[in-house]
Amino acid sequence: MTILRKFDSSTAAADAIDTLNQILPGRGLIGDTPVAQRTPINLSPTITDATMTAFAPLAGLPGATIYVDGTETYQQMHGAGASLTESSCYVLQTYCTPAQRKANLTTAFGTDGFSTCRICIGASDFTHRGQNGYYTYCDDWDGADVTMPTFTIQKDREYIIPTLREALAINPKLKFIASPWTPPASMKSTNSLIGRPNGVTSLFVGNTTNYTAYANYFVKFLKAYAELGIPIWAVTTQNEAGYGPPSYPGCVWTGAQMAAFVNILKPALNAAGFGHVKVLVGDHNWHNLSNYTGANGGHLVRDVFAEALAGDWVDGAAVHGYSTTGKNEFEQVRSWSRNAKETHFTEMCLVGNLSNKVSLQQHLANAIIGGIRAGQNSVTFWNLFLQPLSGGRYQPFAPSYAQVAPCATISTDGNGTMVKRPEYMALVHLLKVMKPGARRCYSTTIGVGEASLEVQNVAFANRDGTTGVLLYNNADTAKSISLIDGPSGLVSFLTLASGDIVSINYTAPKGVPATGTVSAPGPVTGLGASSANNANTLAWTAGTVPDAGGLGGYLIKRGATAGEVNLVVGAAGPGETSFVDIDVVAGTNYFYQVFPLSAGGLATSSPVTSTTTVGASSAVPGAPAISVTPGNGQNVVALASVPADNGSAITRYNLYRSTTSGGQGTTPTVPGVTLPYTDTGLTNGTPYYYTLAAVNGIGQGPQGVEKSGIPSVASANVKPGPGILLSDDTGQAVQTARGGNPQGWSNTSFTFSPATSVSSQRNAVVGPDGVTKDASTQTFTNTGATGGYGSVECGSTVFVSASPISASIWLRGKVGGELVVLTLMTEKHANTSTAAVTLTTEWARYTVNHPTPTSGTGAILSVAYRPNTFNGSMSFDSAWPTMAQ
């Protein structure tokens with residue numbers, strides 16, 4: 001065909017038709033290559049460049065087609081980020097040096113572009129203060145003086161305000177969204193900060209005094225923060241106003257109360273010079289805001305928007321994502337507004353199931369893609385930082401009733417290391433394509449929400465003229481997409497592995513039609529394939545490119561036979577002549593073809609090459625971790641974690657010992673050691689330092705982290721006498737004590753209900769003396785119940801008297817930080833005495849005393865997990881229970 005630059009009287013009709021057909025909308029054009037970055041579902045690496053082809057015409061588009069039109073725009077976007085709760089600030093201020101803290105905040109609010117940040121007005125459930133440390137700014141309010149003269153933000157000055165000021169210095173345009181978890185207790189029906197103390201819901205008491213005082217409370221908060229250089233961008237009237245939590249601050253409102261409060265709050269803000277601060281209502285879950293009718297009737301958002309004055313005063317709604325019905329619920333939220341109010345997403349975190357896939361489905365598929373496509377204007381997730389996972393929980397978390405994950409963790413080892421989680425990376429990719437001032441633009445809806453196993457997307461038109469597209473492959477297999485730029489009709493191509501997040505930025509193609517002959521490029525030559533370490537590498541030489549526009553890139557296809565090379569597995573850029581396929585199985589033979597593309601389209605043919613995938617090369621094993629338990633003239637060295645064998649089975653371990661730190665040398669003290677190993681004949685009071693190395697068929701790996709022990713008489717764990725217990729054995733199914741029931745008790749009395757404690761390795765675990773296998777493992781499994789699960793450890797063989805009883809047991813956590821409670825009880829679960837303890841990974845003796853047992857009854861000692869502290873499973877070792885009177 002011939003492409004002409006202009007027509008005149010001598011132009012042949014056929015040439016004119018060819019020209020028009022090819023350049024409208026895009027044939028004969030070629031554009032720039034989009035800039036793309038990718039994060040795999042395993043977050044390794046957290047982010048890397050992704051290869052796409054240059055924009056070019058392409059017939060027979062591979063995979064799903066996503067049509068993007070940056071000229072058709074929708075809602076204004078205000079940014080995205082996460083929350084600096086008191087726990088987040090405490091972690092940064094406690095476990096980071098000033099330089100480490102600045103580096104971590106710079107990463108989040110500088111490099112990664114976090115632009116919104118939710119903070120708490122008073123205490124939330126995420127605080128280091130514990131459940132007795134919840135506070136508001138006016139806890140001593142007398143209930144009458146609406147000026148709230150005792151108002152103070154003094155507690156915020158400890159950790160919160162310094163952190164916010166550091167973040168603001170990094171990003172001066174940071175938008176703070178502030179939310180109260182509770183008003184002062186005297187404004188509530190229970191006179192308690194807790195949302196449902198003792199099973200009674202805390203209701204806001206709606207009267208003129210409370211409304212006026214609480215409005216002044218907001219004004220004083222905004223003024224106090226402004227005076228410290230922290231401007232607040234928006235406030236929500238109440239966090240989750242339809243929910244009364246049983247173990248942390250909360251307050252339930254009706255829709256009518258919320259409207260009445262807005263009618264006093266907004267004028268108060270205007271009068272104080274804070275009229276620019278947005279007021280948002282709702283601040284609750286999608287499904288709650290869809291169906292909730294308030295404690296005494298009335299809708300928390302719809303009724304406020306519909307009220308004559310409040311509907312004009314309020315700026316919009318805030319929503320949370322603890323639901324899977326994101327898209328429809330968002331549409332309902334927007335439909336409640338008579339004035340096209342804004343919708344801001346203000347809270348989401350992963351609870352219970354900590355898998356990367358579930359996190360991305362809830363945060364990315366639901367909250368980001370689903371929510372923004374439905375009209376929301378910003379995205380802010382929950383805790384930005386917490387401590388690393390320990391004992392089944394991220395801390396600090398006052399109620400500590402579940403696994404509640406942050407966006408990132410900060411190590412507590414003195415290095416202040418920041419580790420980004422999936423929800424953090426979802427925000428990173430969103431902010432790469434949604435630049436300041438962006439508007440959402442049109443893009444094809446293939447699927448949305450966690451239930452749609454498709455490549456989901458949302459797109460933005462940016463002020464700098466670029467178009468940004470966010471992709472997430474929620475399918476269980478790799479997916480190919482053809483990204484079509486609407487105005488030009490040109491196509492770029494990309495393959496996403498299962499769970500991939502990809503952010504794409506490009507300038508709308510404005511290529512000039514090539515002149516002269518325009519045709520598809522010639523086939524590549526010299527195509528070859530090789531394999532190593534579970535990856536197949538292709539290499540080729542570019543073929544002829546007759547177009548003046550040059551080459552647009554390559555499509556890579558794969559198949560099981562030479563005649564069926566149909567699966568598109570990736571792309572290579574215009575200047576690349578190689579491709580690495582990592583989605584392969586060792587020992588499998590694969591066939592490949594490579595097709596170049598240009599302004600003339602896709603090459604019509606390709607040579608075929610094949611290779612058999614070679615598995616990963618074997619290597620020496622990783623470094624093992626050990627524990628050292630001191631005793632009288634001895635140390636017991638045990639294997640704490642098995643290292644990776646790196647492709648060759650571990651055959652033995654070599655133990656190294658020294659009396660100086662780091663002095664183990666290269667000659668093992670005990671070659672081929674059997675673990676656990678009791679190192680005897682040691683001098684009490686002298687420290688001994690140990691390392692361990694693993695050996696496989698390739699050779700010896702590195703020595704692990706050094707551990708030390710100082711033997712002494714005091715450190716020798718001595719087994720107690722029997723006291724009045726039935727047996728010192730632990731963990732026999734429901735009945736723990738071997739040989740019969742404690743006096744007066746039945747089997748069914750041994751566990752709390754529902755009974756989901758399981759004992760294993762009975763008398764098969766090395767106990768506190770470091771030698772004898774006289775300990776057992778207890779495992780508790782919780783699927784959401786609020787009662788404690790218990791395992792009975794010992795019981796009395798005779799009826800007890802009214803004299804005080806003391807019971808003790810040796811416990812050791814599997815990961816450390818396990819929250820358990822010892823219960824010493826008589827009268828079959830009545831008349832109990834308890835002691836709450838936090839386990840470490842070392843054996844320790846824990847005691848609980850009962851000063852006034854019931855005479856003439858049996859007695860038992862049980863260990864349970866603390867009610868409302870976790871969901872999932874928790875394990876610990878127990879030994880040597882005893883009871884004395």
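What is the volume of the largest cavity?

Tutor: The largest cavity has a volume of about 30 Å³. This is a predicted model, in which local features need pLDDT of at least 70 and side-chain atom pairs count only at pLDDT 80 or more, while totals for chains, interfaces and linings use all residues. Residues are numbered from 1 along each chain as its sequence is written, and side-chain values use heavy atoms, with hydrogens and water left out.

Rolling a probe the size of a water molecule over the atoms shows where empty space is left. A cavity is a set of points, on a 1 Å grid over the protein atoms alone, where a 1.4 Å probe fits but cannot get out. The points are joined across faces, edges and corners, and the volume is the space filled by probe spheres set on them. By this rule there is one cavity of 30 Å³ or more. Its lining (residues with an atom within 4 Å of a point) consists of Trp-181, Gln-238, Asn-239, Glu-240, Tyr-243, Pro-245, Tyr-248, Pro-249 and Gly-250. By class, five of the lining residues are nonpolar, three polar and one charged. Here Ala, Val, Leu, Ile, Met, Phe, Trp, Tyr, Cys and Pro count as nonpolar, Asp, Glu, Lys and Arg as charged, and the others, Gly among them, as polar.

Of its 885 residues, 55% are buried (under 20% relative accessible area, with exposed meaning over 50% and partly exposed in between, for a 1.4 Å probe and protein chains only). Among contacts (heavy atoms within 4.5 Å) between residues at least 6 apart in sequence, 72% join residues at least 24 apart.

The buried interior comes next. In soluble globular proteins, nonpolar side chains tend to be buried together. A nonpolar core is a set of buried Ala, Val, Leu, Ile, Met, Phe, Trp, Tyr and Cys residues joined through side-chain atoms within 4.5 Å. The largest such core here has 124 residues, and Tyr-225 and Ile-368 have the most contacts inside it. Helix H5 (residues 208-227) supplies the largest share of this core, 11 residues. A second, separate core has 21 residues, including Leu-822, Leu-824, Ala-835 and Met-883. Returning to Ile-368, and leaving aside neighbours within four places in sequence, its contacts include Val-379, Phe-381 and Leu-470.

Helix H2 (residues 86-95) is also an interior element: seven of its 10 residues are buried, so the helix is largely enclosed by the rest of the structure. Those residues are Glu-86, Ser-87, Ser-88, Cys-89, Tyr-90, Val-91 and Leu-92. Among the elements that cover them are helix H3 (98-111), helix H4 (156-170), S13 and S14.

S13 and S14 also belong to an open sheet of three strands, in the order S13-S14-S15 with mixed pairing (two strands pair if DSSP finds at least two bridges between them). Strand S13 (385-386) and strand S15 (418-420) are at the edges, each with a single partner strand, so one side of each has no neighbour in the sheet. S13 and strand S14 (residues 408-410) run parallel and are joined by two bridges; Leu-386 has Thr-409 in S14 as its bridge partner.

Most residues other than glycine have a negative phi, and most peptide bonds are trans. In the loop between S13 and S14 lies Pro-396, which a cis peptide bond joins to Gln-395, with omega of about -5°. Another cis peptide bond joins Ser-44 and Pro-45, with omega of about 0°. Asn-198 has a positive phi, near 55°, and lies in the loop between strand S7 (175-180) and H5; at 83% relative accessibility, Asn-198 is exposed. Asp-283 has a positive phi as well, near 50°, but lies in strand S9 (residues 278-285) and is buried at 0% relative accessibility.

Definitions and conventions:
1 Å grid on protein atoms, 1.4 Å probe; cavity = no way out; pocket = protein on both sides within 12 Å on 5 of 7 lines; lining within 4 Å. Helix = DSSP H or I, 4+ residues; strand = E, 2+ residues; numbered from the N terminus.
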